[in-house]
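Please keep the sequence and the structure in view while reading.

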Amino acid sequence: PQKRMDGLGNAAYDYSYLRNTAPWLFTQQSPHVGQMRKPKKEPQILNPNPPPIPLETIYHEKQQENMCGLHVLNNLMQDETFSLMDLIQIAQNLDEKERACLLEGGEDNPDFLRFVADGGSNYETGGNFSVSVLREALSVYGLELVPAAATPGVLEDPLPQHAFVCNYREHWFVIRRFGPYWFNMNSLFYEPQYVSPTFLGLLLAQLRSDGYTIFLVRGPLPPCSADTAAEAAEAARVTDEPAGAPTEDAPHGPGARDAENANLTEEEALAAAIAASLGVDAQNPPQPN
């Protein structure tokens, strides 16, 4: 087999291993085409207002097979940073380490026998990768995946963070910030979806309620063209904004809007937040013609 160095500086791949674990890589079409289990979709608010930055400045991989684990990493890094081969190699290395660790308990160890029967725990044929694979891949770039629920205050005030990686069963996607603007980078979406500051916290809360596990991304993300576009858009907004004008879509903590919503019921507050994300006045909705 031909040898090459991968993007992580590892040695050549074991192609016999790939043929056993991912035979569809060596065929023209995967047997899973048209049979992919559709993951539970998160709430999607279609915002009729134009996004604050050009969408063409955002790198966005769309879903192929069950490879959302690959898409979530590249959408986070804003480049084709990882290949499928990179992640399979990482999964293989992790499986070998786990196998050696379990083998210390003896070949009749139930955990070892279960591990062997499953063929490993970090990769499934079709493209599903474990969180351990994603963590190992990001660690090369000084990034960490930390359970957001275990970090006090993060989900209550998510705006200062850089990104959140969300998982439900086999599906992964990232919600990422460019400058002050947040976007849902779900690979199932046709294009990135702008998420207003008002709606971000509600979206994360709804995802948790729907069973998603949310990870906080810690560490500096590499600069990208979308960051540059966001900086320019924010500078233009600040320049054009009249003095004293409200800045609802600018990053902020608890403030005037929270005070306004303090006396609303939970349903009314949710409706007001969603209306704000759509650029609609919940108190005075547009009347039909």
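## Overall composition

A residue is called buried when its relative accessible area is under 20%, and exposed when that area is over 50%. On this basis, buried residues account for 42% of the 289 residues in the chain. The model is a predicted one.

The chain contains 9 helices and 8 strands. Its exposed surface comes to about 15,700 Å², of which carbon and sulfur atoms supply 52%. Of the contacts between residues at least 6 apart in sequence, 67% connect residues at least 24 apart.

## The sheet and its helices

An open sheet is built from 6 strands in the order β3-β8-β4-β5-β6-β7, with antiparallel pairing. Its edges are β3 (residues 144–147) and β7, each of which pairs on one side only. From one strand to the next, the twist averages 30 degrees.

Within this sheet, β5 and β6 run antiparallel and are joined by 4 bridges.

## Nonpolar cores

The largest nonpolar core has 41 residues, and the members that touch the most others are I53, L87, F129, F178 and F183. Two or more residues come from each of the helices α2 (68–77), α3 (84–103), α5 (131–139) and α7, and from each of the strands β4 (163–168), β5, β6 (181–184) and β8 (213–218). A second, separate core comprises 19 residues, including L155, I175, W182 and V195.

Which residues does F129 touch, leaving aside those up to four places away in sequence? Its contacts are L84, L87, I88, A91, N122, Y123, L134 and W172.

P192 lies in the loop between β6 and β7 (193–195). Is P192 buried or exposed? Its relative accessibility is 6%, so P192 counts as buried.

The C-alpha atoms of P192 and H60 are 6.8 Å apart, although 132 residues separate the two along the chain. Beyond residues up to four places away in sequence, P192 touches L55, I58, H60, F183, N184 and M185. F183 is also one of the residues with the most contacts to other members of the largest core.

## Salt bridges

Side chains of opposite charge can pair when their charged atoms come close. The structure holds 2 salt bridges. One joins the side chains of D227 and R176, with an N to O distance of 4.0 Å. This pair links distant parts of the chain, as D227 belongs to helix α7 (residues 225–240) and R176 to strand β5 (residues 171–178), 51 residues apart. Both D227 and R176 are buried.

The other salt bridge pairs R237 with E234, whose closest N and O atoms are 2.6 Å apart. Because R237 and E234 are 3 residues apart in helix α7, about one helical turn separates them. With a relative accessible area of 25%, R237 is partly exposed, whereas E234, at 17%, is buried.

Definitions and conventions. Residues are numbered from 1 along each chain as its sequence is written. This is a predicted model: local features need pLDDT of at least 70, side-chain atom pairs count only at pLDDT 80 or more; totals for chains, interfaces and linings use all residues. Side-chain values use heavy atoms; hydrogens and water are left out. Buried means under 20% relative accessible area, exposed over 50%, partly exposed in between (1.4 Å probe, protein chains only). Contact means heavy atoms within 4.5 Å. Accessible areas come from the Shrake-Rupley method with a 1.4 Å probe; for residues, only the protein chains shown count as cover. A nonpolar core is a set of buried Ala, Val, Leu, Ile, Met, Phe, Trp, Tyr and Cys residues joined through side-chain atoms within 4.5 Å. Two strands pair if DSSP finds at least two bridges between them. Axes are lines fitted to C-alpha atoms, for helices over the stretch in contact, and angles run from 0 to 180 degrees between N-to-C directions.
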